[in-house]
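Subject: Structure handover and findings

Hi,

Here is the structure I said I would pass on. Please open it alongside this email.

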Amino acid sequence: MNSSFDPTDAERIESLKAAILGGLSLALTYCAIALLHSLLLSTPSPALSLLEFQVNITLLIKVAIAFLSGFLFGVTYRYAIRDDQNPQLKAGVVFAFGLVRGLAVIEGQPDITDTVLVWGILVSESLIEFAIARFLLDWAIQRRWVKPFTSS
């Protein structure tokens, strides 16, 4: 068995750090938004019930899904941006993940044709969640806590 450290192992560790930071960021942001919903919507209308916050197994599953989404975002973001400083590329990764996550929530609802405002809220919240994860990842990369992926 070779005891030398393979450079790809270092890349995997950096990707894991980015993934964990992305996952924690998204899960915590999701919890904060859910808590905000519970404070603002003490008597929600049926249309706004999608935004309701209840501590139960469903919430735990949703937080786990948010963590997994952020985990995958962290890895993808690190590989997509590399050591590039292109703001459109960074925003594009956030937009792609945020839009897919936000629209998936809408798609899973039986009949929400009369709640276009809620659609906008759900997609906006998803975009905000990934934007926060992006800024935290950029911050960690800037401080060299997470190293950017380099193609060389």
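Below is what was found in it, grouped by topic.

Please keep in mind that this is a predicted model.

**Nonpolar cores**

The largest nonpolar core has 13 residues. Within this core, F73, Y77, F130, L137 and V146 touch the most other members. The biggest share comes from α4, with 5 residues. A second core is separate and has 5 residues, among them A27, L59, V63 and A66. As general background, nonpolar side chains in soluble globular proteins tend to be buried together.

Take a look at Y77 in particular. Beyond its neighbours within four places in sequence, Y77 is in contact with K90, V93, R134, L137 and D138. Three of those names, K90, R134 and D138, come back in the next section.

**Salt bridges**

How many salt bridges does a search of the whole structure find? The count is 7. In general, side chains of opposite charge can pair when their charged atoms come close.

Start with D138, which pairs with K90. The closest N and O atoms of that pair are 3.8 Å apart. This bridge links distant parts of the chain, with D138 in helix α4 and K90 in helix α3 (residues 87–107). The two are 48 residues apart. Both D138 and K90 are buried.

D138 also forms a salt bridge with R134. Here the closest N and O atoms are 3.2 Å apart. Both partners sit in helix α4, 4 residues apart, or about one turn of the helix. R134 is buried, as is D138.

Next, D9 and R12. Their side chains meet in a salt bridge at 3.0 Å, N to O. Both belong to helix α1 (residues 7–40). They are 3 residues apart, about one turn of the helix. R12 counts as exposed because its relative accessibility is 55%.

There is also a network of salt bridges, which links E14, K17 and K147.

**R101**

R101 belongs to helix α3. Its relative accessibility is 15%, so R101 counts as buried. Which residues does R101 touch, not counting those up to four places away in sequence? They are L26, Y30, I65, A66, S69, S126, E129 and F130.

**Surface patch**

On the surface, I128, I132, L136, W139 and W145 form a nonpolar patch. Together they have about 470 Å² of accessible area. W139 lies in helix α4 (residues 116–142). W139 counts as partly exposed because its relative accessible area is 37%.

R144 is in the segment after α4.

Best wishes

Conventions. Residues are numbered from 1 along each chain as its sequence is written. This is a predicted model: local features need pLDDT of at least 70, side-chain atom pairs count only at pLDDT 80 or more; totals for chains, interfaces and linings use all residues. Side-chain values use heavy atoms; hydrogens and water are left out. Patches are made of residues with over 30% relative accessible area and no salt bridge: like charges are joined within 9 Å, nonpolar side chains (Val, Leu, Ile, Met, Phe, Trp, Tyr) within 5 Å. Accessible areas come from the Shrake-Rupley method with a 1.4 Å probe; for residues, only the protein chains shown count as cover. A salt bridge is a side-chain nitrogen of Lys or Arg within 4 Å of a carboxyl oxygen of Asp or Glu. Buried means under 20% relative accessible area, exposed over 50%, partly exposed in between (1.4 Å probe, protein chains only). A nonpolar core is a set of buried Ala, Val, Leu, Ile, Met, Phe, Trp, Tyr and Cys residues joined through side-chain atoms within 4.5 Å. Contact means heavy atoms within 4.5 Å.
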